[in-house]
Amino acid sequence: MFSQISDMVAVARIMNATLVIPQLDKRSYWQDSSTFSDVFDELHFITSLQRDVRIVKKLPKELESVPRARKHFTSWSGISYYEEMMHLWKDYQVIHVPKSDSRLANNDLPLDIQKLRCRALYYALRFLPSIESLGKKLVERLRSRAGRYIALHLRYEKDMLSFTGCTSGLTDAESEELRTMRVSTNHWKMKNLNSTEQRIGGFCPLTPKEVGIFLQALGYAPSTLIYIAAGEIYGGNTHLSELTSLFPNLVSKETIATQEELKAFANHASQTAALDYIISIESDVFIPSYSGNMARAVEGHRRFLGHRKTITPDRKGLVEILDKLEIGQVERSSLSYLVMKLHENRQGAPRKRGGAVLGIKGRARLRTQESFYQNPYPECICGSKSTLR
């Protein structure tokens with residue numbers, strides 16, 4: 001959500017267009033009816049970017065009935081592509097963009113466009129005061145409990161497991177439920193997925209059990225306070241117990257906030273995700289079990305705020321170690337060394353953004369580049385955040 005909005009701000013600037021306040025996705029698994037103004041401070045968004053892009057709350061009345069172009073922009077496109085798309089203005093006054101994920105290239109864009117993306121994400125997109133207030137209050141409660149805490153983005157939710165085809169550790173009935181969901185979700189393209197291949201390839205979210213072993217190997221004590229930044233965990237305590245048995249000091253927004261405080265957020269996943277975002281940004285350590293959109297946005301934001309510690313699991317490498325441990329090819333005594341060695345350069349230290357994987361040609365190589373929003377260095381991190389203004 002965050003990166004898509006920022007990209008459309010940049011695209012509007014490139015195409016010399018007025019941007020209508022974006023509509024949030026209503027088709028997601030969570031069936032959230034929230035609008036932009038239910039999550040973000042709309043006026044702040046508009047005024048913060050007024051020097052860069054004209055933004056309006058809704059389509060002007062005189063344009064509501066005119067023919068419009070419905071355009072699926074090509075993923076990871078650069079300046080020349082969007083300049084070419086300006087030919088649409090010859091025939092249309094309105095362009096409807098139904099998909100906004102990954103529509104702009106990560107690299108090789110003008111510096112002013114890259115800085116605009118960061119300005120939109122880190123300054124203009126501000127949560128509503130009610131969300132900001134509760135988020136900060138929950139951070140204070142966590143601090144009062146233990147002083148320091150880990151924010152764990154545990155993407156062990158039904159939609160994610162179904163989408164990725166990952167069923168390791170699940171029952172046959174659970175696996176079939178996830179398969180049925182994947183097959184029946186029309187806009188998910190991949191239907192036949194091999195769970196074992198997905199896991200070995202590093203394409204699966206870490207399971208609660210794998211996360212627990214990972215945290216142990218990194219040297220965290222059982223008493224460590226861990227905040228679960230996630231929706232409903234698939235299988236509930238049945239699967240979560242494999243983590244709580246190792247780290248019992250596990251909390252979530254449902255356990256640190258009162259029912260009254262969360263009442264206004266009921267059935268609004270975008271708003272509760274905003275709480276998780278705030279708490280994750282402010283944590284002492286952030287650990288995502290899967291590299292999804294929110295995890296990448298949080299990691300990039302923490303880099304922007306001073307390269308705050310973010311441990312990004314090497315899922316492929318970690319699974320290989322854990323499988324060898326399971327069959328006795330790795331000794332328990334050497335587990336910590338192997339895991340820490342694997343992750344010594346994956347803890348949020350300053351580094352330039354990763355390029356495409358070698359050997360991959362064509363547009364497919366763009367998919368393998370590290371996300372701009374995961375690591376906006378060096379364009380947006382120049383020693384002083386004032387350079388973005």
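Visitor: Is Asp108 buried or exposed?
Guide: Asp108 is exposed, with a relative accessible area of 77%. Bear in mind that this is a predicted model.

Visitor: Where is Asp108 placed?
Guide: In the loop between strand E4 (94–96) and helix H5 (111–124).

Visitor: What about the phi of Asp108?
Guide: Phi of Asp108 is positive, about 60°, although Asp108 is not a glycine. His307 is another non-glycine residue with a positive phi, near 50°. His307 sits in the loop between H15 and H16.

Visitor: What about Thr310, buried or exposed?
Guide: Thr310 is buried, because its relative accessible area is 1% and the cut-off for buried is under 20%. Thr310 is also found in the loop between H15 and H16.

Visitor: Which residues does Thr310 touch, not counting those up to four places away in sequence?
Guide: Thr310 touches Phe286, Glu299, Arg302, Arg346, Gln347 and Gly348.

Visitor: And Asn293, where is its place?
Guide: Asn293 is in helix H15 (residues 293–304). Asn293 counts as partly exposed, at 41% relative accessibility. The C-alpha atoms of Asn293 and Ser100 are separated by 12 Å, and the two residues are 193 residues apart along the chain.

Visitor: New topic: helix H6. What span should its 18 residues have?
Guide: H6 covers residues 129–146, so at 1.5 Å a residue the span should be 26 Å. The end C-alpha atoms are 26 Å apart, which agrees.

Visitor: Which residues of H6 are buried?
Guide: Ile131, Leu134, Gly135, Leu138, Val139 and Leu142 are buried in H6. They cover an arc of only 140° around the axis, so they lie on the same side of H6.

Visitor: Why does that kind of spacing work?
Guide: An α-helix has 3.6 residues a turn, so residues three or four places apart point the same way.

Visitor: Which residues are exposed on the other side of H6?
Guide: Pro129, Lys136, Glu140 and Ser144 are exposed there.

Visitor: And what covers the buried residues of H6?
Guide: The cover includes helices H2 (36–39), H12 (253–256), H13 (259–263) and H14 (269–282). Strands E6 (226–228) and E7 (250–251) are also included.

Visitor: What follows H6?
Guide: Gly147, with a positive phi near 80°.

Visitor: Now helix pairs. At what angle do H10 and H11 pack?
Guide: H10 (residues 208–217) and H11 (residues 237–244) pack at about 10°, with their axes 7 Å apart. H10 and H11 are therefore roughly parallel to each other.

Visitor: Which residues of H10 and H11 meet?
Guide: From H10, Pro208, Lys209, Val211 and Gly212. From H11, His239, Leu240, Glu242 and Leu243. The residues of this contact divide into four nonpolar, two polar and two charged.

Visitor: At what angle do H16 and H17 cross?
Guide: The axes of H16 (residues 315–326) and H17 (residues 332–342) cross at roughly 175° and come within 11 Å. That makes H16 roughly antiparallel to H17.

Visitor: Which residues of H16 and H17 meet?
Guide: Gly317, Leu318, Ile321, Leu322 and Leu325 in H16 meet Arg332, Leu335, Leu338, Val339 and Leu342 in H17. The residues of that contact divide into eight nonpolar, one polar and one charged.

Visitor: Last one. Which residues does a cis peptide bond join?
Guide: Tyr377 and Pro378, with omega about 10°. Pro378 is in the segment after helix H18 (364–367).

Definitions and conventions: Residues numbered from 1 in each chain as written. Predicted model: local features only at pLDDT ≥ 70, side-chain atom pairs only at ≥ 80, totals over all residues. Heavy atoms only, no water. Helix = DSSP H or I, 4+ residues; strand = E, 2+ residues; numbered from the N terminus. Expected span 1.5 Å × (residues − 1). Buried < 20%, exposed > 50% of the residue type's maximum accessible area, 1.4 Å probe, protein only. Arc of directions from axis to C-beta. Contact = heavy atoms within 4.5 Å. Axes fitted to C-alpha atoms, helices over the stretch in contact; angles between N-to-C directions. Parallel < 35°, antiparallel > 145°, perpendicular 65-115°, else oblique. Nonpolar A, V, L, I, M, F, W, Y, C, P; charged D, E, K, R; others polar.
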